[in-house]
Amino acid sequence: MRPFDYRCATSPTEALSIAGAQPGRYLGGGTNLVDLMRQNIEAPAALIDVSRLPGIIEDTPNGGLSIGASVRNSVAAAHPSVRSRFPMLSRALLAGASAQIRNMATIGGNILQRTRCPYFYDATGSRCNKREPGSGCDAIGGFNRYHAIFGASEHCIATHPSDMCVALAALNATVQVAGPGGERDVPLLDLHRLPGDRPDIETILQPGELITAIALSPSAAAANSTYRKVRDRSSYAFALISVAAGLEVAAGRIVDVTIALGGVAAKPWRALRAEQDLRGAAPTKERFLAAADAELAAARTLDGNAFKVEFARRTVAAVLCELAGVEP
Ligand code: SF4
């Protein structure tokens, strides 16, 4: 690890001021960034610690919820309003990492964590366009069991590792950002970028911008929602695929449905085609499978990850059956 300056901010304004004077990286719980620094994949000149900014979870005027960026993952997962009004978010948070890491990791840091592609972390032996633009990608043609089936490019096939972000995508969450140019709201769905020819640029955030909170709006589908993660072992593993979904049914028809997939792309993948197919339909297993098929028809697989299509198909249908109260 290379030497770096460390400053601790007590307010977003102070954090922005420090970053303006000395560009560096904002530090949340450090559960990913510090690992990257230890392995010389990231070497910021300065760390600006924002983990001690006031972390508040509070109701919003529209009946929604605001969750501060420095709130710990474990605190958000256990919050009564998150559990009752946005259960998919609580379940996604609890599906991530270990209890110890959830106690450290912050909401803001979770959003900005980087891929766990093994070639990205092998700084001395592997080619990686995300780590070193233009060097190549050893995952293509290599061990790509964990890699993308949607939105990949010839330059990078990595997936986003967050469970929480999959739920936030399905909930249409808004990310509140403060920066040198002022404050702005960014839909979570627009925050992360697909790799294209610049996989090293992972979000639309501008230099110095700081995530301050996420905002959630209430809905019947959000209240009737869940998250399911399929992985190689039952805990402390990243998703092979995951599904966050919410469902509202009235008079035997689907009124509202929201579905996002994890482990399939460089960003949480909103299943808009499947949602479109389901609105107004009867909530049956056959319709759920057909909607999943429609979404997955656009998947592009590699030697090691073709199984993800069938995994995603079955998991989408199983989750929606659970929410609809029909036999899976
Ligand atoms: Fe790097 Fe992306 Fe290729 Fe992985 S998939 S080696 S992160 S360029």
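1. Let's start with Arg145: at 26% relative accessibility it counts as partly exposed. This is a predicted model, by the way. Arg145 makes a salt bridge to Asp232, with the closest N and O atoms 2.5 Å apart. Asp232 also counts as partly exposed, at 40% relative accessibility. The two sit 87 residues apart, with Arg145 in the loop between H8 and H9 and Asp232 in the loop between strand S9 (225–230) and strand S10 (241–250), so have a look at how the pair links distant parts of the chain.2. Arg313 pairs with Asp293, the closest N and O atoms being 2.6 Å apart. Arg313 belongs to helix H14 (residues 307–324) and Asp293 to helix H13 (residues 285–296), so this bridge ties together parts that are 20 residues apart in sequence. Arg313 is partly exposed at 22% relative accessibility, and Asp293 is partly exposed at 36%.

2. Two other spots are worth a look for charge pairing. The side chains of Arg198 and Asp200 meet in a salt bridge at 2.7 Å, N to O. There is also a network of salt bridges linking Arg25, Glu42, Arg114, Lys130 and Glu202.

3. H9 supplies the largest share, seven residues. The core has 38 residues, and Ile67, Leu89, Ile107, Ile111 and Leu168 have the most contacts inside it.

4. Leaving out residues up to four places away in sequence, Ile111 touches His160, Met164, Cys165, Leu168, Val175, Leu188, Leu191, His192, Ile211 and Ile214. Another core, of 29 residues, lies apart from the largest one and includes Leu247, Ala274, Leu296 and Val316.

5. H5 is largely enclosed by the rest of the structure, because seven of its nine residues are buried. Those are Pro87, Met88, Leu89, Ser90, Ala92, Leu93 and Ala95. Just after H5, Ala97 has a positive phi of about 55°.

6. On the aromatic side, the count is four pairs. Phe150 and Trp269 are stacked, 4.7 Å centre to centre with 5° between the planes. Phe150 lies in the loop between helix H8 (118–121) and helix H9 (164–170), while Trp269 is in strand S12 (residues 269–270), and the two are 119 residues apart. Both Phe150 and Trp269 are buried.

7. Finally, the surface: Met1, Phe4 and Tyr6 form a nonpolar patch there, with about 290 Å² of accessible area together. Tyr6 is part of strand S1 (residues 5–8) and counts as partly exposed at 41% relative accessibility.

Terms used:
Residues numbered from 1 in each chain as written. Predicted model: local features only at pLDDT ≥ 70, side-chain atom pairs only at ≥ 80, totals over all residues. Heavy atoms only, no water. Patch = residues over 30% accessible without salt bridge, like charges linked within 9 Å, V, L, I, M, F, W, Y side chains within 5 Å. Areas by Shrake-Rupley, 256 points an atom, 1.4 Å probe, with all protein chains shown as cover. Salt bridge = Lys/Arg side-chain N within 4 Å of Asp/Glu carboxyl O. Helix = DSSP H or I, 4+ residues; strand = E, 2+ residues; numbered from the N terminus. Buried < 20%, exposed > 50% of the residue type's maximum accessible area, 1.4 Å probe, protein only. Phe/Tyr/Trp six-rings, centres within 6.5 Å; stacked < 30°, edge-to-face > 60°. Core = buried A, V, L, I, M, F, W, Y, C linked by side-chain atoms within 4.5 Å. Contact = heavy atoms within 4.5 Å.
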